[in-house]
Every structure is written in structure tokens, then in C-alpha cells.
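Please consult the sequence and the structure shown below while reading.

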Amino acid sequence: MPRVLFPGFVAVLVFMTGNGVESNFITPHMIEVLGSPEATVANIITGYSLAVLVGSYLSGALADLIGPRKVMLIGFLIWIVFEVLFLLSLQAQSIPLTALTYTLRGFGYPIFAFAFLVWVNIITPVKRNGSAVGWFYVAFTGGLPTLGSLFAIGAIPTFGGGTVGETGAMIASIGLVVIGFLIAWFGVKEVRGRRRIAPAGESATAVLTSGLRLTFTRGKILMGFLIRLINTAPQYAMFIVLPVIIAEDRGWGQSRWLLMTVCVYATNILVNALFGAIGDRFGWQRTVKWFGIAGSALGLLLWWYVPQLVPAGSDWGYVLSVIAGCVFGCLLAGFVPMGAIMPALAPDHKGAAMAMYTTAAGGAAFLGSSVVALVFGLGGSGVGVVWTFVGLYAIAFVMIHFLNVPQGGRSHSRPTSRESTSS
């Protein structure tokens, strides 16, 4: 971890904890409060996810233009303003206003968090870039959904339980987001993140569109974008599909569903930095291919099928289901080196490449919710969602073959004997 940015990692952890408080109950919460069918709420979440997609691109493009620090301020302000308006819209039981304010709030967290990821990339040496990105995801997934869900477990009953308690938990999350921003704003003293990254001669339009131009002119950037897009999309889909299945259909209740997500993503936190280091030694491409893609596909199948195969409501069945989810959470961290591969694919345009990486990272939420909405809209169910993502992982497995890049001056297509031993 770059020590000069340590307060920023803490800030992302706290900010994303606040953002993640609602992540595992927002769908049933809106269904009950608004009296709307699941399909309507899925469409609202899809709109939110689309905003996350656009905000993720803007985080990298704007960081190139005005520097990551100012971009983090913009993301914070968007989150605060539209979170307040979203909560007021829910209380008014207005579906149009809820959809509008929730969608606009979606710009907030990716602009804040992924601008910091750009900051990490511009000051970290190439040979340690995988590890640095791993530490970023320790902070990011530590908050969303892990500590966010843990906070919700305690906050919901504290504020009265049910939808009232969930509303109270979301109000309390505002305080966490404010604290996270203040830690970043006053704690990070590094100077390169306070100024423009792009060359001085480039116009604002050229800077803001550089990521898109790079994607359309370099096929490997496009493939990297698609792989990162597929990466965590199943995670967001499971946030929509699994709450009702685990809590109601399998009879384990909301608190155990929230506890399951804490365990799954706590596992992910523990190994994010590890897989960053493994990628630096074993090879970024191979780590993504075998651990990230193949491993996540297997883990996703386990997380879906184990709860269906054990007796509903049983304690031992719940434990096995949690373990299955933890396998998915662990192997999902195998994608961490993609954050090092993308800028290495375009060393002369690192900011633009990172804009596309962050777009894909945010777009994963859009893809996840869109697949759910599409499969459900065609009359399918959760099993159709899961197998759709297994198919997408298979496509990613083919594409990663073309993304071998130099690491610290050498390619890792085949490790040396020394590297194999140290791995």
C-alpha cells in the first residue's frame, strides 16, 4: 500500500461502508414501501446502475482533467444531496421521484471511489501495481457490502426493525459517508492528485473522450473493458436475486442473509491484497484467467446450488451455504490484477485506460441488474441468471488469452523458475 495514500484507503473503506448499508435490503425495502412489484423496483435499480456506469467513466476522465482530489469532492456532494432527496421521495411514496433521485445518487460513489483508484495508479510503481490495486479493493469491498451489511445488522433493530429500522439505517449511513470524505479531504497530503494528469496541451473535450477513443481504436482495451465488466456483475445480480431466496424461501431470515454477505465479502477482503501480490509474481494474466474467471464461475454455481440442495431452515445447511458463498467471494478476488493490466495495455494513455477500467467496474452493477431484469422479463428465474453469468465468464476466459502485458519490464506469459518457486 502506498503509505502516502493510507488515509485515502481508510476514507474509501468508511465511505463505501456508508454506501453499502442498504445494498442487501434495498430491493425488498422499496417493494414494501412503494407497494411496487419486483419488476418495477428492478427497473429502478437498473437506472441507478446505469448512473454508476456513467459515473465510473467520469471518475477517470475528470481525474485526468482536474485531478483526483477535486473529483472525489464532486462525488461526495452528489451522494449527499441525492441520498437526502431519495429518502424524502421514499417517504412520499412517489415512484417517479424515487426512481429519479436514486438514479442520480448512483453517480456519487463511483466518482468518489474510482477517482481515488486513479490516484493510486499514478503514484505506484508498475512492479507493485497489482498489490496497490488489491489494497484498494480491500477498502472498497470492505465497505460495500461487507461492513455496510454488518452495520445494517446492528442498525436495523436499533431503529425499530422492519422498514422503519431500514430507513433509520440509511439515515445513519449519511454520517459514515461524511466521515469518509473528511478523512480523505484532510488526511491525504500527496500533491500529484491535486492537479491535472493529462498533458497540458490537450483540450477538455479531448481529455474527456480519450477513454472512448482508446476503446474504439485498440481492441485489447475493449477486451479488458469487457472482462472487467463481467467480473463482479454476478455479485450485483445476487444482491437482487438472493435476499428473498435466502431470507424467505429457504427460511433463514433477513439477519442471516445479511450475515452471509458479511462472511462472503469478508473472505473477499482477506484475499484481495493477496491476489494482487500473487498477480505481481505469478502473472497478472494467469491470475485473472484461472482464479478470477474459472474460479468465480465455479464459486457462483456453488453459491446458487448449495442453498437449494440443503434442508430449508437448517443450521448446518446455512453453514454450508455460507461456505459456498465464501468460495465465490475468495475467487472473485482473482480479478484484482485487471486494475494493473488495463493501464499497462496503454502506458502512453494511462488515465484514459483507467477511465475505461473504472467504467467497467461501475458498469458491472448495470450489467448485473440488467441481466436480472432481462431474464425475469422473459419469464426466467434465478437459475437462468446464474447460468447466463457462467456463459459470460466463458467468454471472458477466451478474451483474457489476448491480454498478456509486461510487468516491470518483462512479460509474464511464462514464469521463470525463480518466479514459480516464489509463487
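## Aromatic contacts and selected residues

At 22% relative accessibility, Trp185 counts as partly exposed, because that class lies between buried (under 20% relative accessible area) and exposed (over 50%), computed with a 1.4 Å probe on protein chains only. The model is a predicted one, in which local features need pLDDT of at least 70 and side-chain atom pairs count only at pLDDT 80 or more, while totals for chains, interfaces and linings use all residues. Residues are numbered from 1 along each chain as its sequence is written, and side-chain values use heavy atoms, with hydrogens and water left out.

The structure contains 24 aromatic pairs. Rings of Phe, Tyr and Trp (its six-membered ring) pair if their centres lie within 6.5 Å; planes under 30 degrees apart are stacked, over 60 edge-to-face, and the rest tilted. Two stacked pairs share Phe181.

| Stacked pair | Centre to centre | Angle between planes |
|---|---|---|
| Phe76 and Phe181 | 4.1 Å | 5 degrees |
| Phe181 and Trp185 | 5.6 Å | 25 degrees |

The pair of Phe76 and Phe181 links distant parts of the chain: Phe76 belongs to helix 4 (residues 68-91) and Phe181 to helix 8 (residues 162-187), 105 residues apart. Helices here are DSSP runs (H or I, at least four residues), numbered from the N terminus. Phe181 and Trp185 are both in helix 8, four residues apart, about one turn of the helix. Phe76 counts as buried because its relative accessibility is 10%; Phe181, at 7%, is therefore buried as well.

The charged end of Arg69 sits over the ring of Trp185, 3.7 Å from its centre. This term requires NZ of Lys or CZ of Arg within 6 Å of the ring centre and within 35 degrees of the ring normal. Arg256 lies over the face of Tyr318, at 4.7 Å from the ring centre. Elsewhere, ring pairs join Tyr236, Phe239, Trp257, Tyr265, Trp303 and Phe328 into a cluster.

Arg196 is found in the loop between helix 8 and helix 9 (204-217), and is partly exposed at 30% relative accessibility. Its C-alpha atom is separated by 7.0 Å from that of Ala63, 133 residues apart along the chain. The side chain of Arg196 reaches the backbone oxygen of Glu202 at 2.6 Å.

Thr287, in helix 13 (residues 284-309), is buried, with 0% relative accessibility. Not counting residues up to four places away in sequence, Thr287 touches (heavy atoms within 4.5 Å) residues including Phe275, Phe282, Gly334 and Pro337.

Terms used: Helix = DSSP H or I, 4+ residues; strand = E, 2+ residues; numbered from the N terminus. Polar contact = N/O pair within 3.5 Å; in protein donor to acceptor, adjacent residues only side chain to side chain.
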